[in-house]
Amino acid sequence: MPLLNQQIQDEKDYSLVASLDNVRNLSTILKAIHFREHATCFATKNGIKVTVENAKCVQANAFIQAGIFQEFQVQEEPVTFRINLTVLLDCLSIFGSSPMPGTLTALRMCYQGYGYPLMLFLEEGGVVTVCKLNTQEPEETLDFDFCSTNVINKIILQSEGLREAFSELDMTSEVLQITMSPDKPYFRYLKAVQL
């Protein structure tokens, strides 16, 4: 794709430069954490972490590893900025959300640094669109320090099974008890009906 082969003038002036052949994968990841309008982005040489918070008590993170990108450069770590996630998702799907057979939307993302916009160069079928998204002062996010040495139990399961279990719960219950044990049964939940 011509866009991905083009070099940006003075790339050393940019704090962040990243390129993708298929933007839809990135868009899908960001939609999964889109429960608030704004997100804070942290870029290091390992990748980009996008954090969405609500009232300093709920936090969702999406980490896009540097290896996912065809090109990924971070000049000085960390690169941090806040962005309107709704507008970013709109820009990423500017060519539509359902791809035509054999066509992909390529992305080149550039950020010059504090006070500059995030620039998106999107190309599909030879058509190039340039989006400039204003960035904001990043807000401090919570650091949930889950020290692994204090973890007694850990469960990894498919979200579909957990969703199915929760859908069977009586929503009029006032109490839900979740029990985890190192012995069988390892995980179970009990619902207490409303009195």
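This is a predicted model: local features need pLDDT of at least 70, side-chain atom pairs count only at pLDDT 80 or more; totals for chains, interfaces and linings use all residues.
Residues are numbered from 1 along each chain as its sequence is written, and side-chain values use heavy atoms, with hydrogens and water left out.

Let me begin with the helices, where helices (H or I, at least four residues) and strands (E, at least two) are DSSP runs numbered from the N terminus. The axes of α2, residues 23-32, and α3, residues 85-92, come within 10 Å and cross at roughly 155 degrees; such axes are lines fitted to C-alpha atoms over the stretch in contact, and the angles run from 0 to 180 degrees between N-to-C directions. The two helices are therefore roughly antiparallel to each other, a label used for angles over 145 degrees. On the α2 side the contact, meaning heavy atoms within 4.5 Å, is made by Val 23, Leu 26, Ser 27, Leu 30 and Lys 31, and on the α3 side by Leu 85, Leu 88, Leu 89 and Leu 92.

A search of the whole structure finds 1 cavity of 30 Å³ or more, a cavity being a set of points on a 1 Å grid over the protein atoms alone where a 1.4 Å probe fits but cannot get out, with lining residues having an atom within 4 Å of a point. The largest cavity has a volume of about 150 Å³, that is, the space filled by probe spheres set on grid points joined across faces, edges and corners. Of its 16 lining residues, Cys 41, Ile 48, Val 50, Leu 88 and Met 109 lie nearest the centre, and α3 gives the most to this lining, with 3 residues.

The largest pocket, which is an open set with protein on both sides within 12 Å along at least five of seven lines, has a volume of about 210 Å³. It is lined by 15 residues, and nearest its centre lie His 38, Glu 53, Asn 54, Arg 82 and Glu 139. Strand β3 supplies the largest share of this lining, 4 residues.

Finally, where is the cis peptide bond? It joins Glu 77 and Pro 78, with omega at about -20 degrees, and Pro 78 is found in the loop between β5 (71-74) and β6 (79-84).

Conventions
Angles under 35 degrees count as roughly parallel, over 145 as roughly antiparallel, 65 to 115 as roughly perpendicular and the rest as oblique.
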